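Dear colleague,

Please find below the sequence and structure that I am handing over to you. My notes on what was found follow directly after.

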Amino acid sequence: HAFFKHQIHWFSVLNSFMMVLFLTGLVALILLRTLRRDYARYALVVDEEEGGAAAEGEVDEDGKPLLSTADKHAEESGWKQVHGDVFRAPSHLPLFAALIGTGWQLVVLTLGVILFAVAGPIHGEVHEERGEILHAVVWIYALSSVVSGYASGKYFKLYSATSGAKGSKVS
């Protein structure tokens, strides 16, 4: 078949893909265990503060006690410390919204050019005329500006009470 005329190392591509999946799963597993342990500990503290009888002998999957006497009087740590900062608006909101919009525009541009190059065998050879891919890059960049304006406006509107038009103008 004409699509397979170039020698591509399919095993290397598959190996890289599997490595990315494995590392993503590993990070997700670590994050999930940390969040589950923190949530269980905070639920016990809340139960005890509300007057419920929190069990002293409860342990996590590693056998460590979820709530010790030091935890009762200790300073809050972990996710409880940052819960107020997570949904706070950034200090330079218009600039940050513009950067997010531009990032989405570049993602759409990259995917569009890759799809154009992959679809090349469908509509003939991609490199028939000189500058055909560059022409596609310019057109896809111009068309993906809609994505940039939408993404930056939506992010700006999420953290601002004013309209999202200011955020999309910056991008």
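**Findings**

Ala 151 lies in helix α6, which covers residues 145-159; helices (H or I, at least four residues) and strands (E, at least two) are DSSP runs, numbered from the N terminus. Please note that this is a predicted model, in which local features need pLDDT of at least 70 and side-chain atom pairs count only at pLDDT 80 or more, while totals for chains, interfaces and linings use all residues. Residues are numbered from 1 along each chain as its sequence is written, and side-chain values use heavy atoms, with hydrogens and water left out.

Not counting residues up to four places away in sequence, Ala 151 touches Gly 101 and Trp 104, where contact means heavy atoms within 4.5 Å. The C-alpha atoms of Ala 151 and Ala 98 are separated by 8.4 Å, although these residues are 53 apart along the chain. The buried residues of α6 are Ser 148, Ala 151, Ser 152, Gly 153, Tyr 155 and Phe 156. The 15 residues of α6 should span 21 Å at 1.5 Å a residue, and the end C-alpha atoms are 22 Å apart, which agrees; the expected span of a helix is 1.5 Å times one less than its number of residues.

Helix α4 (residues 93-118) has 26 residues, which should span 38 Å at 1.5 Å a residue; the distance between its end C-alpha atoms is 37 Å, in agreement. Its buried residues are Leu 93, Ala 97, Ala 98, Gly 101, Gln 105, Leu 109 and Gly 112. Gln 105, located in α4, counts as buried because its relative accessibility is 6%. Leaving aside residues up to four places away in sequence, Gln 105 touches Tyr 141, Ser 144, Ser 145 and Ser 148.

Ser 144 sits in the loop between α5 (132-143) and α6, and at 2% relative accessibility Ser 144 is also buried. With the same exclusion of residues up to four places away in sequence, Ser 144 touches Gln 105 and Val 108.

The loop between α3 (79-86) and α4 contains Arg 88, which is exposed, with a relative accessible area of 52%.

**Helix α1 and the surface**

A nonpolar patch on the surface is formed by Met 19, Phe 22, Leu 23, Leu 26, Leu 29 and Ile 30, with about 580 Å² of accessible area together. Patches are made of residues with over 30% relative accessible area and no salt bridge, with like charges joined within 9 Å and nonpolar side chains (Val, Leu, Ile, Met, Phe, Trp, Tyr) within 5 Å; a salt bridge is a side-chain nitrogen of Lys or Arg within 4 Å of a carboxyl oxygen of Asp or Glu. Accessible areas come from the Shrake-Rupley method with a 1.4 Å probe, and for residues only the protein chains shown count as cover. Leu 29 belongs to helix α1 (residues 10-49) and is partly exposed, with a relative accessible area of 47%.

**Record annotation**

The unreviewed UniProt entry annotates "transmembrane region" at residues 12-32, 95-121 and 133-151. In the model, residues 12-32 are 100% helix and 0% strand, with end C-alpha atoms 30 Å apart. Residues 133-151 are 95% helix and 0% strand, with end C-alpha atoms 26 Å apart. UniProt positions are given in the numbering used here, feature names are shortened, and annotations may be inferred rather than shown by experiment.

**Overall**

The protein has seven helices and zero strands. Buried residues make up 17% of its 171 residues.

Yours sincerely

Terms used
Buried < 20%, exposed > 50% of the residue type's maximum accessible area, 1.4 Å probe, protein only.
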